[in-house]
Structure formats: structure tokens, C-alpha cells
Amino acid sequence: MARNLVIVESPAKAKTIGKYLGSEYTVEASIGHIMDLPKNDIGVELKRRTFEPTLIVSPGKEKIVDRLKKLAAKADAVFLAPDPDREGEAIAAHLKFQLLPAVKKGTPVRRVTFNEITKKAVKAAFDHTREVDENLVDAQQTRRVLDRLVGYQISPLLWDKVRRGLSAGRVQTVALRLIVEREREINAFVPVEYWNIDAVLSPAKSGQEFTARMVGVKGQAIRVANGVDAEGKELFLSNALPDKEAVDEVMVQLEKATWRVRSIEKKERKQNPKAPFTTSQLQQQAAGRLGFNVRRTMGVAQRLYEGIEIGSEGTVGLITYMRTDSTRISPDAVKEIREWVGKKFGAKYLPASENVYKSKKDAQDAHEAIRPTNIGFVPDEVRKYLSDEQYRLYKLIWERAVTSQMVPAVFDQTTVDIEAKADVSYDFRTTGSILKFDGFLRFEEEVKKAKAARDAKAAAEEKKLAAASADGDEGESSKDATSEESSAERRLPELTDGQALECGKIDPQQKFTQPPPRFNEASLVKTLEEKGIGRMRQSLTRFRNAIM
């Protein structure tokens, strides 16, 4: 019979850890929190302003608590192993409070934490147990009391004015205010008209065309007033003219202008890799690149953290703990990543020393950044064991961690200033950028090459089918030019100072400034982080419903 009881939050986590610990341990799940404030009362002492909370066993958790008490009474040792954050520490404290009266005298009740669910990390954690950290418990309890003080009084207002079931709390209330203020900004927004003028140019008697934008007249930058900022400072739209009348005056001159290259500036530009993911950065990137909302991102990340069956390896936690504000990763992980990069891509992709990233000034830095637990579990090699959403999120996390320890990408950037000489001199400018060394962009470049190859193959097949039809000319017009166009946008023809240019087309474009966009989940998460407010617990959809 097992002599030791281990308690975690979730059955999935219990299953993974149970395989690592063996038959001497019974691993059970509390299914999240077992104690909370009562639902039918504020549950916080206000009369004497002690703010002492009244905690009760959460409704529906009575049977779980009774079962854990019975198991604890038979155990020689009890280990509390919820997640390594404030919520986890509070769960551990509540478990200890409930189980202490039930355990045999002298039975140790110890706290166990690990940042990743791997056999090595779990075994090491059980060699370094500790007491429950009351400071972390107090921090969680303070947040919970604040949520109750705010939410218990505001939620009924929402039920009365909007819809029953909506809740408001410490973060939700501020988030809702941000959304309302943004909506007011949008409603009060007055668009400003402005015009850009682009010219399609090419070297005289040459082929390759490129586009340049008008940026000034006689060396003076053109710009359009665009209101003031919050501090009353004037704002301007650069490289723009205010109205059609001003544009028509310029167009008359440009029609008879002679064009030449005034100057060429060439320089090398570096693009640095980004730090491994924090929670908010993962949520933002998953929204932008994968289309995941916050709830989906964190749900998938939780499963990757708690463990996935990986063939003969058994159940493995693929990523480290996914609630963190730190950008650091362990020295062992850095070493593992650098060894993998050196072996896979060669020494030229490795910086002389490890890349170190600074966390935000107010970061708690309690846990590592989100990273793979084993860099050897390459996403494409373990894909067959993962669902599509698990694979996509794991790939995002894995690549971000790996590229964080690679060298910068290097671009050759060329800026060309052009003069259109008529009655006065009009200034145009264009910039071209060519990737010289891919560096940390190696993965992105491989994806682009694979896509270009697929597109080229599809275009060839389409052309072949068109040629087999009544008239083969159609195949030529349906040729996929995506890769060619994107290349042309980045590359400039060979140009020299003073070189004459021919103008093929002048393109005036009327535009209007746009109101600030409405928040999506990712942008709201980013704003909340920037303001140091915290994480959203409600979905953005519910907030939107509240203000419609």
C-alpha cells in the first residue's frame, strides 16, 4: 500500500506525476480550489475594518475533501503539489488547513513545487520540500478580498442594468472601463483627410520599376496637422498633403518634372531575437498568429504543461509552467538550446555568449519564462502525438525559446532620395531591404521557402491544366506572382548618385485617419499588462455584450 499522499489540482497532472513517483505514492486531485468565500454573503469583515475573510468549503467539494481526509489519515507523509504560484499556494494552504486535524500525530505535511512536469524536475522537487509560504497565501487572499469588495457591490448593478450572470471584479471592472473609454474615443473621433503621392520609377532605358513616396518640397518635409495628444502637443501625419487642391498643384508640376537620384545611403541593419514567452506575450502571439482567444490559449498550454503521451517516453509535460511574467530561463535550458542550435545550424547561428533578457521592472520573476522542457522534442517530430491546436501552440513556444538563443538577422538596407525637378524641387524617397543573413529568422525563412515551393508547384499545375484546355494562353495570366511581387517590394535596382530616372506613373491617394480600433482579447491583455493591472478572468465577449 502507498505510504505517501500527494495532492495536485487536476486529474491530468495527477496521472503524469503518479507515473514518475511509483507505487509508494498515491496521487490525488483536488480539482482546483477547495475553499472560497461564501456566495450568499460578502464574506469579508468590514465593521472593524480587519478585512478578515470567512472561508468555507466550496459547494460541491465536500466529497473530495472527505476523501482526501480519509487518505491523509492513513498516510505517513502528505505532499501538497498544486501549481507554483499564488493560487497554487492558497490551494496548498487550504488543503493543509483541512487535512491537519485528520492526519496522524507527527505526520509531515509539506509543500512541493516544480516549474516543469518532467521526471527529473519532479524527483528533484521531492528532495527539496518546504513549508507553505504564508506570504504568497496572503497575497492571493488579498487579491481575492479585493475582487469580492469590488465585485460583490458592482455585480448586482450589472444584473439590474444589463443582464443577470455578469460579474465584475478587480480586473474586470477596470477592463470594462477601458473598453467603454475606447468606445467613447471611437464615437468622438473626427477623421482627418490627407493625401500621399507615390511615383512609379525606373532607371532610364532599364527595366525594373520601383515605387517612391513624396516626402518634401525644396528640402522641407510635408506634413498634415492631426490634432493634439493627451498633453496638448501637436501631432502630424508625415509625408502627406492636406487636400486635393494642394495635390493638384503638385501634380501639374510633377507631370513636367525631370527625375534623378539625389543620394543613396546603404547600411547594415540588425533585427534581434525576442525573449522567450511570458504569459501575456504568449496570449498576444497566439491571438495574432494562431487566432486563439485567451481561454483557448491557456487551456491548450495547461494540457501541454500537465502532460501528453509521447510514445515510448510515456506521459511528458512538454512545457514549463505557463503563468509567468519572467523572461529568464534556467542555465541548463540555455545550455541545451545552444547545443541544439550549434548542432543543427552550425556555430555561425550561435552568439558568443548566451542572450540574456531583462524582465519588466515590476515583474515578480517567480518562475522561468515559458519554454519546452526538453528541446529534443522537436514540434514536427512529436506532432503525431498532439492535436492540431496543441501542435501549433507548442511549435510557437518551442521556436520562440530556441530563437531567443540565436544571433540577430542581418539586412542590407538601402535608402534612396530622389529629386523631381520642375519649377521647384520635389523630394521623394524609397527604401529597399534584402536579407543578408537569416540568423534567428531561420525558421521563418524555411516556412517561406516551403510556401513558395508549394505555390510554385500549384501554379505549375494550374498552368498545365490551362494549357490542356481549348486555349493555353489563360495559363500564363493565372501565374502566381506572389513571391515575385514580395521580392520586388524589397529589392531595388542598381542605382547611382545623379542617375536619371523615368517616371511611369504618378499615383495620388486620398486617405482619412481611422479611429482607434476596438479592443480584441490580445490588445486588451497587452493594455492591462502595460498598466500593471493584472489578468482578465472573463472573456472579452462577455464584456462586449455588457456594453452593447
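Student: Is Asp-388 buried, exposed or partly exposed?

Tutor: Buried means under 20% relative accessible area, exposed over 50%, and partly exposed in between (1.4 Å probe, protein chains only). Asp-388 has a relative accessible area of 45%, so Asp-388 is partly exposed. Keep in mind that this is a predicted model, where local features need pLDDT of at least 70 and side-chain atom pairs count only at pLDDT 80 or more, while totals for chains, interfaces and linings use all residues. Residues are numbered from 1 along each chain as its sequence is written, and side-chain values use heavy atoms, leaving out hydrogens and water.

Student: Which residue does Asp-388 meet in a salt bridge?

Tutor: Side chains of opposite charge can pair when their charged atoms come close. The cut-off here is a side-chain nitrogen of Lys or Arg within 4 Å of a carboxyl oxygen of Asp or Glu. Asp-388 pairs with Arg-392 at 3.9 Å, N to O. Both sit in helix α12, four residues apart, about one turn of the helix. Helices here are DSSP runs (H or I, at least four residues), numbered from the N terminus, and strands are E runs of at least two.

Student: Are Glu-116 and Arg-371 buried or exposed?

Tutor: Both are buried. Their salt bridge has its closest N and O atoms 2.7 Å apart. This pair links distant parts of the chain, 255 residues apart: Glu-116 is in the loop between β6 and α4, and Arg-371 is in the loop between α10 and α11 (379-382).

Student: How many salt bridges are there in the whole structure?

Tutor: A search finds 29. Arg-3, Glu-24, Asp-76 and Lys-104 are joined in a network of them.
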